[in-house]
Amino acid sequence: SEILFFFQGYQGMVDGGDNIVEVSWESVSSILQVGGTVIGSARCKSFRTREGRLQAAYNLVQRGITNLCVIGGDGSLTGANLFREEWSGLLEELAQKGKIDEEAVKKYAYLNIVGMVGSIDNDFCGTDMTIGTDSALHRIIEVVDAIMTTAQSHQRTFVLEVMGRHCGYLALVSALACGADWVFIPEYPPEEGWEDSMCVKLSENRARKKRLNIIIVAEGAIDCHNKPITSEKVKDLVVQRLGFDTRVTILGHVQRGGTPSAFDRILASRMGVEAVLALLEATPATPACVVSLSGNQAVRLPLMECVQMTQEVQKAMDEGSFLEAVRLRGRSFENNLNTYKLLSHKKPDAELPKTNFNVAVLNVGAPAAGMNAAVRAAVRVGITEGHKMFAVIDGFEGFARGKIKEISWGDVGGWTGQGGSILGTKRTLPAKYLEKIADQMRTNNINALMVIGGFEAYLGLLELSAAREKYDEFCVPMVMVPATVSNNVPGSDFSIGADTALNTITDTCDRIKQSASGTKRRVFIIETMGGYCGYLANMGALAAGADAAYIFEEQFDIRELQANVEHLTEKMKTSIQRGLVLRNENCNENYTTDFIYQLYSEEGKGVFDCRKNVLGHMQQGGAPSPFDRNFGTKISAKAMQWISKKLKETYRKGKVFANTDDSVCLLGMRRRNLVFQPVAELKSETDFVHRIPKEQWWLKLRPLMKILAKYKTSYDVSDSGQLEHVAMHSPKEAETGAI
């Protein structure tokens, strides 16, 4: 089918002419890693008038266009909705004026519209994440990380102003991701007298030797009387009341720029497919829809409902009903707000409950970025719930050796942005240390265990629960939070650390692709980590725009390798003269990276030359991405609340005794919800030999990668989003499922 671009948004649709261009396969090559929009975007005054829309309708009919895909924020999508509602009236008016004939009115009677939300503010109701939000968070976090080092040195207070005129999402999530001291957002103004409480908090932090204060202000922040709170006002307040050296940094358009993050590239690619499927299935009776993501599930929502709800939020804020505004923003926003409130302010000791329970936290497996954010959240939520928190150094091995100490609220300050594992982590399994670990549990009177780690953590919990018959010490609630770059833990779509690794792979592939722009006709073979799990190779290939990805889960033979080489040879005849091939480290014991490199070198002689790269441990390192900081923080806070609940349930006659399957759980993200699953029940879903889940959701995205690399293949549409209504949730629901 014919695909057309409108350059300069609605302006191009109104102006017509050269702004409407047919698109070829090659013309969109290499735009995956480019920020902004290559087809331009413009705020269009004329489209807001009926005259303008009449002209746009005329241009569409001239070109025979009846399917429109609009990528934009709430303004663009509201405009699209109006355009569709007026369509038949516009055609009749054009016919009356003699611009089009009656035949055309019949032929083009219906306009199908599907929207994709591209907006860094994440301000559109009905969607968990809009395209561009994650990349904007990357920019903000890069700045905050850089500021932290200078502020540490100078003992300064920084006030950071981020975008969001009507929506506080960016401010809220970046505050969560960097552990800011205070955040101002439009939906949740501070209570009367906030000036005093903020200054008290800042001076307490200084007294606790915290050298750095960060305050984040959304540009649309207001107080409870709807008066603006500006970053300058906050700065003046801190300087006048406390005399602290305070600086303001306004991030401005930096947030819109830069290359898109891995998450945004994959989200946008998935949404693009959904949009096309929605258009193909659209009938005159179906409402115009928006494709969006709910948790990890693609959904379609009626455009009209989303627009109405987004307007309701503004109305609620104007009327001062701020709780209602937060509720309308959706469960993901509400959950972020609740988590932030839970973790940022320590209650005075006198106000904390005392449960007399001791809870231990440990890291198991290989390091993964975001582990520290998870430990911080666990410790702070545990203390808030009234428990004594203990940190175990170096996993089960350290546990056996008695490397365990109490950890306080302040000890985990500033951990969110740290990569690796501060507690130290080992792959050692507990089976050979059972006696010693039981001793340590008894000596330190540990009543619950929280394990943050990868596949070994899962195996470890299975071993500990099997040892319950012999050791009463293990009859306590235990929970696991998945953290591994490989994303190979059963029971969860995502694990902490995988997003950071994916960004590292994507960045490296971008650089490698760029290195080829000087030398023509070159193919790169890149080896990724992941054990036997092909998640990193497959998703990295999707995010980097690779030509092929070899993974263990989808067996391949010499014929497929041959076909890939031929495909690349054909590609080299076009204007795109470079290729990218990813290979998971264990995809095949005989077709090694060297073998594939040599095969491609031989077969490509005279057409292209080859280079190979093994990415190695850089995939485990680096500062955690905003997604991993947030996911780690929220999933860990939830796991800790589950521990508190289980401790209450299993406390009998002065001691904790838990020996049922449902007291040893893994907390995972499954499609739309966070769910606690007994590890015993996950056994049947696990391939223990290759350390991967038997079924993996992302394999459904394999054909998408192939189609985008110009292979002819069929795409399984059974998983595509169904049209549903925008759900209004009850406040209780915000606590249950959402991320």
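This is a short chat about a predicted model of one protein chain.

Colleague: How many helices and strands does the chain have?
Modeller: There are 24 helices and 26 strands. Both are DSSP runs numbered from the N terminus, with helices being H or I of at least four residues and strands E of at least two.

Colleague: What is the radius of gyration?
Modeller: It is 27 Å, which agrees with the value near 27 Å for a compact globule of 739 residues. The radius is taken over C-alpha atoms, and the globule rule is 2.2 Å times the number of residues to the power 0.38. The C-alpha trace spans about 90 × 70 × 50 Å along its principal axes.

Colleague: And how much of the chain counts as buried?
Modeller: Of the 739 residues, 58% do. Buried means under 20% relative accessible area, exposed over 50%, and partly exposed in between, with a 1.4 Å probe and protein chains only.

Colleague: What share of the contacts joins residues at least 24 apart?
Modeller: Among contacts between residues at least 6 apart in sequence, 78% do. A contact here means heavy atoms within 4.5 Å.

Colleague: Let's go to the strands. Where does β7 sit, enclosed or open?
Modeller: Strand β7 covers residues 213–218, and six of its six residues are buried, so it is largely enclosed by the rest of the structure.

Colleague: Which way do its residues point?
Modeller: Asn-213, Ile-215 and Val-217 point one way from β7, while Ile-214, Ile-216 and Ala-218 point the other way. In a regular strand the side chains alternate between the two faces of the sheet.

Colleague: Which strands pair with β7?
Modeller: Strand β5, residues 157–162, pairs with β7 in the parallel sense over six bridges. Strand β6, residues 182–184, also runs parallel to β7 and is joined to it by three bridges. Two strands pair if DSSP finds at least two bridges between them.

Colleague: What else does β5 pair with?
Modeller: It pairs with strand β8, residues 246–250, in the parallel sense over five bridges. In that pairing Thr-157 stands opposite Thr-246.

Colleague: Change of topic. Which residues other than glycine have a positive phi?
Modeller: Asn-226, with phi near 65 degrees, is one of them, and Asp-394, at about 60 degrees, is another. Most residues other than glycine have a negative phi, and most peptide bonds are trans.

Colleague: Where are they, and are they buried or exposed?
Modeller: Asn-226 is in the loop between β7 and α8 (231–242), and is partly exposed at a relative accessible area of 34%. Asp-394 lies in the loop between β12 (388–392) and α14 (395–400), and is buried at 17%.

Colleague: Now a helix. How many residues of α18 are buried?
Modeller: Helix α18, residues 535–544, is mostly covered, with 10 of its 10 residues buried.

Colleague: What covers them?
Modeller: The cover includes α9 (262–281), α17 (498–515), β17 (522–528), β18 (548–550), β19 (578–584) and α23.

Colleague: And what follows α18?
Modeller: Gly-545 follows, with a positive phi near 70 degrees.

Colleague: Last one: where is Lys-710, and what does it touch?
Modeller: Lys-710 is in the loop between α23 (702–708) and α24 (731–736), and counts as partly exposed at 47% relative accessibility. Not counting residues up to four places away in sequence, Lys-710 touches Trp-25 and His-567. Lys-710 and Asp-547 are 163 residues apart in sequence, and their C-alpha atoms are 8.3 Å apart in space.

Methods
Residues numbered from 1 in each chain as written. Predicted model: local features only at pLDDT ≥ 70, side-chain atom pairs only at ≥ 80, totals over all residues. Heavy atoms only, no water.
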